[in-house]
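Subject: Structure for your review, with notes

Dear colleague,

I am passing on the structure below, followed by my notes on what was found in it. Please read the notes with the structure open.

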Amino acid sequence: VVIDNDDSVRKAVNYLHQNGHIKIGYLQGKFRILGFKQREAGYYSAMRENGLNIHPEYIVELNTTMNGAYKDMLEYLECKPMLPTAFFADNDMIALGAMKALQEKGYRIPDDISIIGFDDLPFCEISSPRLTSLRVPKQEMGKLAVRKIIDMLQRNEDVRIKIQVCAEFIERDSVKKIN
């Protein structure tokens, strides 16, 4: 039982595009786990599907911890880069660290830049602004896995099945609608 990372990220990028964003960046985790690689594929796929240009300068590699992402984003912002109107982040820790750095440098979220994270950690609800994120149904995934194992044992099945679960889109306050 795994997360459908690709489809979930396409949902987030489509949401940004539906809200008027055409310059959408990607806050990419430096440590490239399989899930992040799948999320990256979803980002590129959604950008192409929406006919949006992918700007390499809008792809920022950040540490995967909140503090590390904050420090890396501060360093990135020191160069006074051109910024997109929105970012998708590989996870909430990256998004929250980047938000803190952006705000420290005077950017207003979502007025100047919108951000979407992934995982829907409890911090998302208490951050300022509250972070829009993709919720991973971890308990449901665990229940599905246990049911499948029991099924396989009871039926003496050898067939291997992969179940992909989509993340739920949780809309909060970190995305601005552009007219």
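Phe88 is buried, with a relative accessible area of 0%, where buried means under 20%, exposed over 50% and partly exposed in between, computed with a 1.4 Å probe on protein chains only. Before going further, please note that this is a predicted model, in which local features need pLDDT of at least 70 and side-chain atom pairs count only at pLDDT 80 or more, whereas totals for chains, interfaces and linings use all residues. Residues are numbered from 1 along each chain as its sequence is written, and side-chain values use heavy atoms, with hydrogens and water left out.

Aromatic rings

A search of the whole structure gives 5 aromatic pairs, a pair being rings of Phe, Tyr or Trp (its six-membered ring) with centres within 6.5 Å, counted as stacked when the planes are under 30 degrees apart, edge-to-face when over 60, and tilted for the rest. One of them is the stacked pair of Tyr26 and Tyr43, at 5.0 Å centre to centre and with 20 degrees between the planes. Because Tyr26 lies in strand β2 (residues 24–29) and Tyr43 in helix α2 (residues 34–49), this pair ties together parts that are 17 residues apart in sequence; helices (H or I, at least four residues) and strands (E, at least two) are DSSP runs numbered from the N terminus. Tyr43 is buried, with a relative accessible area of 0%, and Tyr26 is likewise buried at 0%. The rings of Tyr26 and Phe88 are also stacked, because their centres are 6.1 Å apart and their planes stand at 15 degrees. This pair links distant parts of the chain, with Tyr26 in strand β2 and Phe88 in strand β4 (residues 86–89), 62 residues apart. Ring pairs join Tyr26, Tyr43, Tyr44, Phe88 and Phe118 into a cluster.

Arg39 lies over the face of Phe118, 3.6 Å from the ring centre, and Lys100 lies over the face of Tyr70 at 4.3 Å; the rule asks for NZ of Lys or CZ of Arg within 6 Å of the ring centre and within 35 degrees of the ring normal.

Asn91, in the loop between β4 and α4 (92–104), counts as buried at 8% relative accessibility. Leaving aside neighbours within four places in sequence, Asn91 is in contact (heavy atoms within 4.5 Å) with Phe36, Arg39, Thr64, Gly117, Phe118 and Asp119. The side chain of Asn91 also reaches the backbone nitrogen of Met93 at 3.1 Å.

Glu125 belongs to helix α5 (residues 123–126) and, at 37% relative accessibility, counts as partly exposed. Not counting residues up to four places away in sequence, Glu125 touches Arg130 and Arg172.

Cysteines and helix α6

The count of disulfides, defined as pairs of cysteine sulfur atoms within 2.5 Å, comes to 0. Cys124 is in no disulfide, and the nearest cysteine sulfur, that of Cys166, is 19 Å away. Cys124 counts as buried at 0% relative accessibility, whereas Cys79 counts as exposed at 65%.

The 18 residues of helix α6 (residues 138–155) should span 26 Å at 1.5 Å a residue, and the end C-alpha atoms are 26 Å apart, which agrees; the expected span is 1.5 Å times one less than the number of residues. Just after α6, Asn156 takes a positive phi of about 55 degrees.

How values were computed. Polar contact = N/O pair within 3.5 Å; in protein donor to acceptor, adjacent residues only side chain to side chain.
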